[in-house]
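Thanks for coming, everyone. Let me put the structure up, and then I'll walk through a few spots.

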Amino acid sequence: MGDMREPLRELIECGLPQALEVMGERWSFMILRASFNGLKHFEEFLSELGIARNILSNRLAKLVEHGILKREPCADDRRKIEYRLTEKGFDLLPAMLALRQWGQKYGTELKENPVLVDERDRLPIGPVSILAHDGRVLGHEDLWLTRPEDLGKRADGTIATPAGDMREGDVIDLKKAAG
């Protein structure tokens with residue numbers, strides 16, 4: 001990744017240790033996966049996941065504390081609590097899918113059932129990828145570390161600018177961008 005290295009001892013300078021502090025164990029990911037699958041109630045998590053009550057209570061509290069889930073009263077019975085994904089929780093979906101795909105590729109030979117597909121075409125989703133600012137798919141050999149003040153300065157001395165006027169919701173033609 002170039003001539004520069006991340007300051008590996010300085011944990012504050014990187015988002016990975018912070019993310020692992022919140023999500024760095026199996027049950028947090030299993031609860032998150034269950035939430036993506038529509039589970040909302042403590043008892044549902046308990047029976048579907050086969051998790052001990054005290055561990056579930058602890059993990060749910062931690063996910064709520066970190067803003068990944070929120071506690072809300074049930075619409076039909078205000079005495080019951082629902083755990084719902086927040087925007088911060090939904091933002092973990094690409095990481096979850098990347099870990100799932102990695103596990104399917106390198107784990108035991110499990111046949112995916114059910115298969116995760118896109119809603120429109122009902123075809124399997126593609127691999128989670130690292131995208132450049134302009135939509136190009138990047139491999140590990142394409143990644144480079146630089147100082148914030150050197151953003152956009154290319155090796156040949158030219159200056160790069162962000163890709164056009166991309167706005168949230170714009171669609172990128174990945175085949176065209178990769179070519």
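Start with H6. Its buried residues are Met96, Leu97 and Gln101. They span an arc of only 130 degrees around the axis, so they sit on the same side of H6. Keep in mind that this is a predicted model.

Why would that spacing work? An α-helix has 3.6 residues a turn, so residues three or four places apart point the same way.

What do the buried residues of H6 pack against? Helix H2, residues 26-36. On the other side of H6, Trp102 and Tyr106 are exposed. As for length, H6 has 14 residues. From first C-alpha to last it reaches 20 Å, close to the 20 Å expected at 1.5 Å a residue.

Next, the loop between H6 and strand E3, residues 130-131. Pro114 is in that loop. A cis peptide bond joins Asn113 to Pro114, with omega at about 5 degrees. Arg122 lies in the loop between H6 and E3 too. Its phi is positive, about 60 degrees, and Arg122 is not a glycine. For background, most residues other than glycine have a negative phi, and most peptide bonds are trans. Is Arg122 buried or exposed? Exposed, because its relative accessibility is 55% and the cut-off is over 50%.

Last stop, Thr86. Thr86 is in the loop between strand E2, 81-85, and helix H5, 87-90. With a relative accessible area of 15%, Thr86 is buried. Which residues does Thr86 touch, leaving out those up to four places away in sequence? Gly67, Ile68, Leu69 and Lys70. Lys70 is 16 residues from Thr86 along the chain, yet their C-alpha atoms are separated by 6.4 Å.

Key:
Residues are numbered from 1 along each chain as its sequence is written. This is a predicted model: local features need pLDDT of at least 70, side-chain atom pairs count only at pLDDT 80 or more; totals for chains, interfaces and linings use all residues. Side-chain values use heavy atoms; hydrogens and water are left out. Helices (H or I, at least four residues) and strands (E, at least two) are DSSP runs, numbered from the N terminus. Buried means under 20% relative accessible area, exposed over 50%, partly exposed in between (1.4 Å probe, protein chains only). Contact means heavy atoms within 4.5 Å. The expected span of a helix is 1.5 Å times one less than its number of residues. The arc is that of the directions from the helix axis to the C-beta atoms.
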